[in-house]
Amino acid sequence: MSTIDTRSPILSARGVRHSFGQTEALRGIDLDVHPGEVLAVMGPSGSGKSTLLHCLAGVLVPTRGSVTYGPSAGRQPVEISALSEPKRARLRLTDFGFVFQFGQLLPELSAVDNVSIPMLLGGTKRSEARRRSADMLDRLGLEGLGAKLPGELSGGQAQRVAVARALVTSPAVLFADEPTGSLDSLGSENVLTIMLELVREFGTTVVMITHDARTAAYADREVIVRDGVIGAGYRVSP
Amino acid sequence: MNRGLLKLAVVGSRSSYGRLTGITGGVAVGVCLLLLLWGGANGLNARDDRGAWLRETGSPSVSIPTTAGDPTASGPATPVPLTAATVLMRANPVEVFRDQLINRRDFAALGSTTVKIPGIASPPAPGEYYASPALQHLIETTPQDQLGDRFGQFVGTIGEAALPGPDSLIVVTGATETELRQSGHAFLVSAFTTNPYGASAAAYSTVLLIGAIAVFFPVLLLISIVTGLGAAQRRERFATLRLIGASPRTISRIAAVETAVPSLIGAVFGVVLAAVLRPATAQITVNGTRMFEADLATGWEAATAVVVLVVTASSLVAAYRTSREGIGPLGVTRAMQERTPNAWRMVPLLAGLAAMITAVLLIRVLEVRVPWLESPLLIGGFALTLVGIVVVGPWLTQLVSRMGLRQARSAAAVIAASRIQRTPVATFRSVSGLVIAVFVVSVFAGASSIIQEAEAPAARPGLLQPASLHATVAAGSSQDQVAEAARRAGQLPGIRSATIGYGPAALNQRDAGPEIFLRAEDAPGLGFEDIPETEIVAVDSSFLHYWTTQPLVLTRAPAQNLDGLVPVVIVVAADGTPEAMDRARTALDGSGVTAIPATSPLDIKLQSSARLVQGLAVLAYLGMFVAIAIAGLSLAVATASAVLDRKRVLGLMRLMGMPVSVLRRIITREAAVPLLTVLLLSIALGFLVAWLMVTGINDTYRVTWPATDYFAALGLSLVLALAAVGSTFSLIRAGTAITATRFE
Amino acid sequence: MNNTLTLLGLLSREPSYGYDLKHSYDRYFGTQKALAFGQVYSTLARMVRDELIRALGEETGGGPDRKKYEVTPSGKARVHQWLFTPDTPSEALQSELFAKTVVALLIDDDADRLLDVQRSEHMARMRELTRLKKDADLLHVLMCDHGLFHIEADLRWIDLTMARLAQLKKELQGA
């Protein structure tokens with residue numbers, strides 16, 4: 001209310017609406033995300049918070065309204081919602097990172113290979129990718145577990161591998177959809193602490209969906225999505 | 001078991017109808033194919049049995065007493081008299097019309113003969129003939145001077161019991177005893193053989209069995225694939241049943257029943273389908289003739305046996321699979337982690353090959369014929385090899401993918417190689433159908449390459465021209481008769497020249513010389529170019545043999561005239577049209593001066609000695625087509641389920657920005673690596689097995705470069721594999737769309 | 001729970017007698033402990049003194065229980081201020097928040113907003129506790145966690161109540 005930042009937002013949604021057939025999931029969303037901030041998106045199931053995340057990340061194109069991504073001072077802001085799917089896919093690969101609740105690791109790949117995939121997709125040499133992956137796994141406290149398969153890791157370890165994969169390309173924005181949704185309190189706390197420590201160090205912006213207040217408490221700010229709109233009384237801008 | 005529960009389990013939901021329909025349809029097609037192939041194999045057998053009498057060679061019509069004390073010298077030949085218990089028969093090896101061989105048997109018999117010639121009531125009188133319906137039809141629709149004049153007066157058709165198939169061209173003509181004895185090719189026959197394969201009957205039945213296994217295996221594979229349809233979905237349903245209190249035994253029983261019901265419906269439908277398709281199947285030409293419909297009938301015993309066997313086997317397998325999966329109340333309890341395949345998987349393949357090689361070594365190197373051991377070794381070895389390829393596949397696939405993972409550079413390569421390395425059995429299963437199909441195709445291509453058609457010889461000076469006919473002159477023909485026959489032949493439309501060659505005696509006589517003498521002026525008509533400046537030229541008599549491939553040269557004959565020589569051969573040069581050739585054949589053969597029927601160098605193309613293998617090859621190519629189609633289908637199904645199994649994770653990868661093209665490359669690699677790994681092996685093994693089989697039968701056969709059909713079949717299977725994988729591309733896009741990961 | 005403000009809130013629905021006010025209170029909030037008549041009358045007297053309410057014309061035979069009271073504009077403002085001022089999350093908070101919600105629904109005010117405002121306060125406190133946990137010793141962390149879990153329980157109640165507001169309103173108004 002009083003702390004409106006004058007710096008330009010890294011992500012900016014204006015009048016975003018999205019429908020799946022007859023169902024209107026988002027009914028006019030305005031939201032700014034500040035560079036380096038950690039934003040929690042809360043809300044009841046089916047409120048449209050996942051759809052909002054997908055629109056912000058260029059996974060879905062809003063039926064109406066626009067989403068603009070302004071990476072940094074040096075680069076022109078781009079209207080994500082106006083890009084073609086291949087271009088959005090490329091942008092997601094290079095500028096964004098993703099962490100989901102579960103089942104995002106390829107079960108047949110070792111931890112190191114799982115983390116390497118985004119780099120390989122970006123054209124990095126495999127040896128280089130593996131070296132950087134191993135470093136990132138070390139940073140997440142997974143020393144010596146690089147050769148393990150996801151099935152051989154605990155839930156918390158697997159989730160940290162997913163975080164490593166999301167952060168290894170140094171994305172500008174990390175999108176996390178219930179990142180600790182399938183973990184117990186302690187596991188959840190460990191993953192969040194280490195994830196946020198790293199994003200604050202890298203200056204990564206985070207948009208995190210959660211229905212868990214203790215998780216949301218790690219964020220700098222929160223908004224609630226109810227019935228496709230942001231709850232009254234929540235700051236749509238930092 | 002509670003009937004209501006069973007009903008619920010079998011037709012639980014609308015989606016299970018699709019699975020049940022799939023099983024029913026697949027089993028119907030499988031059973032139909034099994035019965036038709038069984039019928040086809042039976043038909044070939046029956047056909048060869050009916051045609052067996054044509055293999056009768058009889059006993060010599062002359063006896064040549066050996067001179068006492070000197071086994072190499074022999075006394076003068078004395079005719080063995082014709083009695084009521086024998087007939088005199090001349091088997092005509094090359095009665096050719098257009099590009100078809102006619103089986104001609106000339107008979108002379110006493111009126112009182114007791115010998116029964118198959119298919120006809122009594123032996124034809126001289127100048128009369130019996131023909132198969134197909135041949136008679138041909139005679140009636142062709143100008144007399146091209147075909148009909150060769151045989152004489154039609155007196156009746158040969159019964160079906162003596163005809164291999166409805167298209168068989170067979171003629172039985174009557175001749176005088178003198179005529180036949182004079183030809184030097186007459187034999188005495190007291191009874192006709194019923195053994196269609198002579199001495200190699202055992203070997204042929206071995207080939208037949210191996211062929212049957214090879215053709216049936218892909219069909220069994222189809223049945224096994226369709227009964228496994230929708231296994232994942234079924235597992236979920238069973239887990240629910242377990243949760244509400246069903247015991248593992250109940251689950252196994254439900255699995256058995258729910259497979260048995262659609263299998264039974266499908267099998268019965270397959271039997272009906274086979275009966276309906278039988279007339280159409282009979283139209284397929286195998287070895288130049290279609291089949292009698294009755295030959296394809298398998299009888300209700302066989303149909304019942306197939307139905308019972310398929311239904312029992314499929315439901316037992318379903319029950320076994322279900323109990324092995326260990327479905328608990330919370331889903332599959334036993335880890336789905338595959339056990340790593342190891343080198344032991346090579347054992348069945350090696351054992352199979354060892355068995356076949358042992359059999360061949362016994363026959364070829366040690367020259368021991370132990371029939372009771374040979375056949376089981378060959379057949380068992382073949383079956384083991386077939387199973388062995390399927391067993392060894394995952395291990396090889398894993399070895400290759402392990403190397404591949406080390407070398408992998410791109411994301412698609414890493415993902416595909418890792419997947420294959422962790423689940424080699426599952427990934428190989430999706431291509432096993434194609435691999436087996438290719439193996440079977442290669443075996444048959446290799447085996448049938450031995451009866452590859454000889455290339456039509458090119459026209460070269462110094463060799464008998466392709467568009468020419470020659471007939472050797474029978475002993476005792478007069479100069480005038482021969483000259484008249486040659487003159488008449490020469491005047492026929494389309495005939496360029498008719499040349500008479502001379503020698504000291506008829507070519508089938510003992511004092512025939514090594515050379516044939518010609519008038520120099522006639523030599524150009526035979527295609528010679530370097531002609532010595534003289535009246536009479538000579539050429540080696542190997543000139544007449546079709547196997548002579550080195551051009552011969554004309555030499556100056558020692559004598560300047562033909563005095564003291566007799567005509568030994570008439571060579572007719574035609575313009576190459578089939579009508580002219582057949583007119584000349586008819587004229588020469590009807591002239592009465594020839595010892596053998598007129599032959600052309602092209603005739604060799606029509607002669608083959610491995611009829612059974614060729615017949616099987618036709619069936620095999622049919623079976624192969626089915627096998628490849630099935631294999632392609634199973635690959636598509638397997639690839640699709642490989643995508644759907646990983647719907648969530650692949651969907652999330654796309655969400656992270658992985659392009660669809662990478663997903664396509666992953667899926668393509670997962671099919672290509674196991675396929676290519678084992679494809680080369682199965683091709684090589686196919687030809688090795690073919691060589692082992694063929695040399696096991698007869699040491700004169702050689703496996704050579706296969707026919708173009710083979711490469712077509714191979715290409716087809718690769719195209720089909722591509723199409724199968726390609727058909728899942730749209731599924732990849734749709735199945736991994738963002739919506740696939742929502743609401744979970 | 002602030003009885004004075006709760007009674008004031010109930011009174012801002014419509015003018016009522018002290019006797020009726022006591023029964024309303026008992027119906028909504030007195031399931032465990034009913035309010036004594038004496039307490040009601042002393043509270044009403046205090047509020048009259050503070051000019052939050054005033055007595056309407058006395059009726060015949062009037063004693064204190066025969067007096068009808070109505071809320072003054074300053075009383076109304078006081079209720080409003082009470083409703084939309086979030087309380088510091090504490091163990092004692094719950095009954096107060098409950099009272100606020102019921103009152104807001106009864107006087108047809110924005111109960112959603114009231115809960116959201118409280119929610120933000122809870123979240124702010126949680127963020128503060130979460131920050132405190134960082135670099136703290138384990139004993140301190142455990143203390144913070146204790147606080148966090150209690151606030152979270154309140155938050156969950158808030159969320160659930162928000163989801164049930166429409167139904168709750170119907171029930172209260174129908175009664």
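The model is predicted, and the mean pLDDT of chain A is 88, with 96% of its residues reaching 70 or more. Chain A is in contact with chain B through 22 residues of chain A and 21 residues of chain B, and with chain C through 10 residues of chain A and 12 residues of chain C.

**Confidence in chain A**

- Confidence in chain A is lowest in helix α2 (residues 85-95), where the mean is 89, and highest in strand β8 (residues 205-209), where the value is 95.
- Over residues 1-5 of chain A, pLDDT stays under 50, and for this stretch the model has 5 contacts beyond four places in sequence.

**The α3–α5 pair of chain A**

- Helix α3 (residues 111-121) and helix α5 (residues 155-167) of chain A pack with their axes 8 Å apart and at an angle of about 30°.
- Because angles under 35 degrees count as roughly parallel, α3(A) is described as roughly parallel to α5(A).
- The crossing of α3(A) and α5(A) is right-handed.
- On the side of α3(A), the contact is made by A:A111, A:N114, A:V115, A:I117 and A:P118, and these meet A:V161, A:A164 and A:R165 of α5(A).
- Sorted by class, the residues in the contact of α3(A) with α5(A) are 6 nonpolar, 1 polar and 1 charged.

**Chain B against chain A**

- The contact between these chains takes 21 residues from chain B and 22 residues from chain A.
- On the side of chain B that touches chain A, the elements giving two or more residues are α12 (411-422) and α17 (647-655) of chain B.
- Of these, α12(B) provides the largest share of that side of chain B, with 6 residues.
- The side of chain B that touches chain A comprises, by class, 12 nonpolar, 4 polar and 5 charged residues.

**Chain C against chain A**

- In this contact, 12 residues of chain C meet 10 residues of chain A.
- The elements that give two or more residues to the side of chain C that touches chain A are α6 (111-133) and α7 (138-174) of chain C.
- The largest share of that side of chain C comes from α6(C), which gives 8 residues.
- By class, the side of chain C that touches chain A divides into 6 nonpolar, 2 polar and 4 charged residues.

**Make-up of chain C**

- Chain C has 7 helices and 3 strands, and from the N terminus on its elements follow the order α-β-α-α-β-β-α-α-α-α.
- Of the 175 residues in chain C, 30% are buried.
- Among contacts in chain C with a separation of 6 or more, 57% are accounted for by residues 24 or more positions apart.

**B:S59 in chain B**

- B:S59 is found in strand β1 (residues 59-60) of chain B, and because B:S59 has 11 C-beta neighbours inside 10 Å, B:S59 counts as exposed.
- Leaving aside residues up to four places away in sequence, B:S59 touches B:F187 and B:L188.
- The C-alpha atoms of B:S59 and B:L88 are separated by 9.6 Å, with the two residues 29 residues apart along the chain.

How values were computed:
Residues numbered from 1 in each chain as written. Chains lettered and ligands numbered in written order. Predicted model: local features only at pLDDT ≥ 70, side-chain atom pairs only at ≥ 80, totals over all residues. Axes fitted to C-alpha atoms, helices over the stretch in contact; angles between N-to-C directions. Helix = DSSP H or I, 4+ residues; strand = E, 2+ residues; numbered from the N terminus. Parallel < 35°, antiparallel > 145°, perpendicular 65-115°, else oblique. Left-handed = near helix turned anticlockwise from the far one by under 90°. Contact = placed C-beta atoms within 7 Å. Nonpolar A, V, L, I, M, F, W, Y, C, P; charged D, E, K, R; others polar. Buried ≥ 20, exposed ≤ 12 C-beta atoms within 10 Å, placed from the backbone. pLDDT = per-residue confidence, 0-100.
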